[in-house]
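Hi,

Here is the structure I promised to pass on to you. Have a look at it first, and then read my notes below.

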Amino acid sequence: MASRKRKADDEEMSVSPVNSPATSSRQLARPSKKVRGGSDIAGRPLSLPRLLETLDNTQLRTVLQTLCERHPDIGREVVNDAPRPSVASALQVLGDYQEKLRAAVPFGESSSDYTYFRVKQPLVALVDAISDFTPQFLPPVEQQTNVSLQYLDAATKVIHELPDWESQQYRHHKDNAYDEISGAWALVISEAAKRGGGFVLHTGGWDQKLAKHNQQSGGKLEQAVSAMAAEVPWLGNNANATPASGLSDPNSILNQLINGNYGSPVRVGPW
C-alpha cells in the first residue's frame with residue numbers, strides 16, 4: 001500500500017502545473033509600482049492647464065488682456081478668431097454694469113452732488129459699454145436688420161433707466177447716450193429701407209417701438225424718428241401718411257409688397 005501511495009504522489013507531481021515546463025519557462029509581467037514622495041520630491045509651479053483651471057472669469061480676462069496689450073499681434077489674433085458677441089451676451093455685460101450702478105446708489109436722502117459722485121464711475125462705465133457695443137450691431141458689421149433692431153431696442157431701454165439729474169452738467173451722460181443710439185437707429189432704418197422697401201420695419205412693429213422710445217426719452221430720438229418718416233413714409237410716422245392710406249393706394253410700396261409685385265418691371269408704351 002505504501003509503495004502504491006508513493007507512486008500516485010509521484011504521478012501527481014509530474015502533471016502539476018508548477019512543474020510544467022511551459023509554465024516554468026514563462027516570466028509573469030508585474031506592473032511597476034509608482035513611487036510617490038521620497039527624497040527627490042521638490043516644489044514646482046503648476047502646469048498651464050492646471051493653472052488655468054484655478055482662475056475665474058475675471059482673472060482670465062485680466063491675464064488675457066494683459067497679454068494682448070503686451071503683445072499686439074496676439075490681440076489681433078484674439079479679435080479675429082474670437083466668435084462675435086451675440087445680442088444676449090452683450091446685454092448680459094450691460095446688465096452687470098447696471099447692477100454695479102444700482103449698488104453704488106447711496107441709501108436714504110442724499111444731495112444730488114453726493115449721489116452723482118458716488119455713482120459716477122459705474123455710470124461712465126455703463127455708458128462707455130453701450131457706446132462700445134453699439135457699432136458691433138450696426139451695418140456693415142451686422143447684416144441682419146432684426147439683430148440690429150433687437151440690440152438697439154434693448155440698449156435704448158438701458159439708457160431710459162440711467163439716472164435723471166436736475167443739473168445739466170450731470171445730464172450730459174444720458175443725453176450723449178441718447179444722441180448716439182438715435183443715430184444708430186437712423187442708420188439701421190436707412191439700411192432696412194433699401195431691402196424690400198423697409199417692410200421688415202413694419203412686420204416687426206419697429207416703427208411703433210421707436211415712437212414709444214422717443215416719447216419715453218422726451219423727444220431725444222428725433223433723428224431716428226425723422227429717418228423713419230423719410231425712408232419709409234408709408235409706415236405713417238408723419239402727419240400726412242397713415243398705414244391705411246398706404247393700403248388703399250395700389251401704387252404704394254406697402255400694397256406692392258403685400259401683393260408680391262414690388263420691384264416688378266414697369267410697363268412703358270401703349271402695349
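Let's start with the overall build: the protein has 14 helices and zero strands. Here helices (H or I, at least four residues) and strands (E, at least two) are DSSP runs, numbered from the N terminus. Read from the N terminus on, the elements go α-α-α-α-α-α-α-α-α-α-α-α-α-α.

Before you go further, please keep in mind that this is a predicted model, where local features need pLDDT of at least 70, side-chain atom pairs count only at pLDDT 80 or more, and totals for chains, interfaces and linings use all residues. Residues are numbered from 1 along each chain as its sequence is written, and side-chain values use heavy atoms, with hydrogens and water left out.

**The whole protein**

Of the 271 residues in the protein, 29% are buried. I call a residue buried when its relative accessible area is under 20%, exposed when it is over 50%, and partly exposed in between (1.4 Å probe, protein chains only). The protein exposes about 19,000 Å², and carbon and sulfur atoms supply 54% of that area. Those areas come from the Shrake-Rupley method with a 1.4 Å probe; for residues, only the protein chains shown count as cover.

What share of the contacts with a separation of 6 or more comes from residues 24 or more positions apart? It is 60%. Contact here means heavy atoms within 4.5 Å.

**Helix α9 and what sits on it**

Now find helix α9, which covers residues 168-193. Its 26 residues should span 38 Å at 1.5 Å a residue, and its end C-alpha atoms are 36 Å apart, so the two agree. (The expected span is 1.5 Å times one less than the number of residues in the helix.) There is a bend in α9 of about 30° at K174. That bend is the angle between axes fitted to the seven residues ending there and the seven starting there.

S182 is found in α9. Is S182 buried or exposed? It counts as buried, because its relative accessibility is 1%. If you leave aside its neighbours within four places in sequence, S182 is in contact with K220, L221, E222, Q223 and A224.

**Salt bridges**

A salt bridge is a side-chain nitrogen of Lys or Arg within 4 Å of a carboxyl oxygen of Asp or Glu. By this rule there are nine of them.

One of them joins K220 to D175, with the closest N and O atoms 3.0 Å apart. This pair links distant parts of the chain: K220 is in the loop between α11 (206-216) and α12 (222-231), while D175 is in helix α9, 45 residues apart. K220 is partly exposed at 34% relative accessibility, whereas D175 is buried, with a relative accessible area of 17%. Apart from neighbours within four places in sequence, D175 is in contact with Q168 and K220.

Other salt bridges sit within a single helix. The side chains of E53 and R50 meet in one, at 2.9 Å from N to O. E53 and R50 are about one helical turn apart, because they are three residues apart in helix α3 (residues 48-53). An α-helix has 3.6 residues a turn, so residues three or four places apart point the same way. E53 is exposed, with a relative accessible area of 58%.

E99 and R102 do likewise in helix α6 (residues 87-104), where they are three residues apart and so separated by about one helical turn. Their side chains meet in a salt bridge of 2.8 Å, N to O. E99 counts as partly exposed at 49% relative accessibility, and R102 counts as partly exposed at 44%. E99, R102 and E161 are linked in a network of salt bridges.

L46 has its place in the loop between α2 (21-25) and α3. It counts as exposed at 55% relative accessibility. Leaving aside neighbours within four places in sequence, L46 is in contact with L51 and T54.

Happy browsing!
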